[in-house]
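Here are a few notes to read alongside the model, written for someone who is new to looking at structures. Please keep the view open while going through the points.

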Amino acid sequence: MPPVEGQKIAGHRITALGGGVGASRLLLGLYEVSDPAALTIIVNTGDDIELHGLRISPDLDIVTYTLAGIVDPAKGWGIRGETFHALKRLAGYGRANWFNLGDRDLATHIHRTALLAEGKTLADAAELIRSALGVKARILPMSNDPVPTIIESNEGPLHFQEYLVKRRSEPVVKGIRFKGVEAAHPAPGVLEAIRDASRVLICPSNPLISIGPILAVPGVREQLRVRKTHVFAVCPIVGGKSLKGPSDKMLTQLGHDATALGVAKLYADFTGTFVIDPADQALSAAVSTLGMKVAVLPTVMKTRAQKDTLARALLNL
Ligand code: FO1
């Protein structure tokens, strides 16, 4: 019997893979409707960047702040009610200010950087930050090794944040690489979390630069393939448009279809069930021919109720 509205869904061990803002909407729903202590989130760290001598991990912070209930709800990143006095002073010293680091957010980056300098790993830092902020789910970086996402563009190679934030996704994308990924190791617990989960969820994040880096860490894609029947992927493209960010533009520029079918092709080797929005129902048959089951569920999550409804539906599939 499906549980009644408001009741937690018990009995699942969920492992979710995701990036930042798009993933966080679904993660908040999962956190609400299931046991947060049975939820493990494997987060992209390809977006990580060093600025002003600080190690910044945007996707880890977005996920952590969202589940802690302190994220800026309008932007989906940073901290609610943030001020930017330190950044203005840094700009006064002639430092770059294109990446908007708020005063409270800076405390996280100072803390993380200090922990790393004291010999802790990125995973140790993520664990200490999430527990200090009262988040009950386990949040793992995909790797403790730096694997920066580099966008090969018509303007030359750009760090992903330079492409996205400084250049507002305007350069034409010619290729994507994850620098150093061949020698990177999954963070402790990543492969085990995929192996031991009753359900693995691929969040509706950018398949190329949010999910792509996680899949590129040696061993991750192979472990997902082993668990294929338990892997559910939520499509981040609805009606040919990204739910968030430049996924559609990037897919097109790299020669993929910017449709649910285009994303399904990228995930077919390790996904058992591909979740599409009712707007893309007409693509169901084509997705099935790739060897996946198709589930049609409303995937557009603007309100809290929509996030919880999708999370519940995914766990009840
Ligand atoms: N996104 C922006 O569009 N502009 C910013 O200035 C910016 C600053 C920023 C600071 C901390 C942080 O954790 C995230 C921040 N983001 C900003 C979001 C981030 O660039 C991306 O949304 C993610 O990396 C993609 O998941």
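**Notes on a loop aspartate and a helix pair**

1. In this predicted model, the side chain of Asp72 reaches the backbone nitrogen of Ala74 at 2.9 Å.

2. Where in the chain does Asp72 sit? Asp72 is found in the loop between helix H2, which covers 58-68, and helix H3, which covers 85-92.

3. Is Asp72 buried or exposed? Its relative accessible area is 13%, and because buried means under 20%, Asp72 counts as buried. When residues up to four places away in sequence are left out, Asp72 touches Trp77, Gly78, Ile79 and Arg80.

4. The next points turn to a pair of helices. Two packed helices are described by the angle between their axes and by the distance between those axes. For helix H8 (residues 207-216) and helix H11 (residues 260-267), the axes come within 12 Å and cross at roughly 15°. Angles under 35 degrees count as roughly parallel, so H8 is roughly parallel to H11. The crossing in which H8 passes H11 is right-handed.

5. Which residues make the contact between these two helices? On the H8 side they are Pro207, Leu208 and Ile211, while H11 brings Val263, Leu266 and Tyr267.

Notes
Residues numbered from 1 in each chain as written. Predicted model: local features only at pLDDT ≥ 70, side-chain atom pairs only at ≥ 80, totals over all residues. Heavy atoms only, no water. Axes fitted to C-alpha atoms, helices over the stretch in contact; angles between N-to-C directions. Helix = DSSP H or I, 4+ residues; strand = E, 2+ residues; numbered from the N terminus. Parallel < 35°, antiparallel > 145°, perpendicular 65-115°, else oblique. Left-handed = near helix turned anticlockwise from the far one by under 90°. Contact = heavy atoms within 4.5 Å. Buried < 20%, exposed > 50% of the residue type's maximum accessible area, 1.4 Å probe, protein only. Polar contact = N/O pair within 3.5 Å; in protein donor to acceptor, adjacent residues only side chain to side chain.
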